[in-house]
Amino acid sequence: LAVLLFAQATQAQDGKALFSANCASCHAVKKDLTGPALAGVQDRWPDQALLYKWIRNSAAVIASGDPYAVA
């Protein structure tokens, strides 16, 4: 159980570090910055799988011609 809790804590720290390094300069939770606020993001995307693709490689989703991503 301790190993599982440690692994989850480590993953959370890794996620926070990734967000801080790659996203936080443009995104906040409840405030629009250069990019839109993150609150409610799942409700704004028509497809959750597409949102995951966007997070991993936004340029590829735009290049695919997806209307929401292009807009």
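Trainee: Why is Lys53 called exposed?

Mentor: In this predicted model, Lys53 has a relative accessibility of 52%, and since exposed means over 50%, Lys53 counts as exposed.

Trainee: Where does Lys53 lie, and what is Lys53 in contact with once its neighbours within four places in sequence are left aside?

Mentor: Lys53 has its place in helix H3, which covers residues 48–56, and, with those sequence neighbours left aside, Lys53 is in contact with Ser58 and Val61.

Trainee: What makes Ile62 partly exposed rather than buried or exposed?

Mentor: The relative accessible area of Ile62 is 39%; buried would require a value under 20% and exposed a value over 50%, so Ile62 falls in between and is called partly exposed. Ile62 is placed in helix H4, residues 58–63, and, apart from neighbours within four places in sequence, Ile62 is in contact with Trp54, Ala69 and Val70.

Trainee: Is Ala69 buried or exposed, and how do you know?

Mentor: Ala69 has a relative accessible area of 8%, and because buried means under 20%, Ala69 is buried. Ala69 lies in helix H5, and, with neighbours within four places in sequence set aside, the contacts of Ala69 are Trp45, Trp54, Val61 and Ile62.

Trainee: How far apart are Ala69 and Trp54, in sequence and in space?

Mentor: Ala69 and Trp54 are separated by 15 residues in sequence, and their C-alpha atoms are 7.9 Å apart in space. Ala69 and Trp54 are also in contact, which means that they have heavy atoms within 4.5 Å.

Trainee: Which residues form the largest nonpolar core, and what makes it a core?

Mentor: The largest nonpolar core has five residues, namely Trp45, Leu50, Leu51, Val61 and Ala69; the name applies because such a set consists of buried residues of the listed nonpolar types, joined through side-chain atoms within 4.5 Å. For Trp45, the contacts beyond its neighbours within four places in sequence are Leu50, Leu51, Trp54, Tyr68 and Ala69.

Trainee: Which residues lie nearest the centre of the largest pocket, and how much space lies in that pocket?

Mentor: The largest pocket holds about 570 Å³ of space and is lined by 19 residues, of which His27, Leu38, Leu51, Trp54 and Ile55 lie nearest its centre. Helices H1 (2–22), H2 (41–44), H3 and H5 (67–70) each supply at least two residues of the lining, and H3 provides the largest share, four residues.

Trainee: How do the residues of that lining divide into nonpolar, polar and charged?

Mentor: The lining of the largest pocket divides into 13 nonpolar, four polar and two charged residues.

Trainee: Among contacts between residues at least 6 apart in sequence, what share joins residues at least 24 apart?

Mentor: In the protein chain, that share is 5%.

Methods
Residues numbered from 1 in each chain as written. Predicted model: local features only at pLDDT ≥ 70, side-chain atom pairs only at ≥ 80, totals over all residues. Heavy atoms only, no water. Buried < 20%, exposed > 50% of the residue type's maximum accessible area, 1.4 Å probe, protein only. 1 Å grid on protein atoms, 1.4 Å probe; cavity = no way out; pocket = protein on both sides within 12 Å on 5 of 7 lines; lining within 4 Å. Points joined across faces, edges and corners; volume = space filled by probe spheres on them. Nonpolar A, V, L, I, M, F, W, Y, C, P; charged D, E, K, R; others polar.
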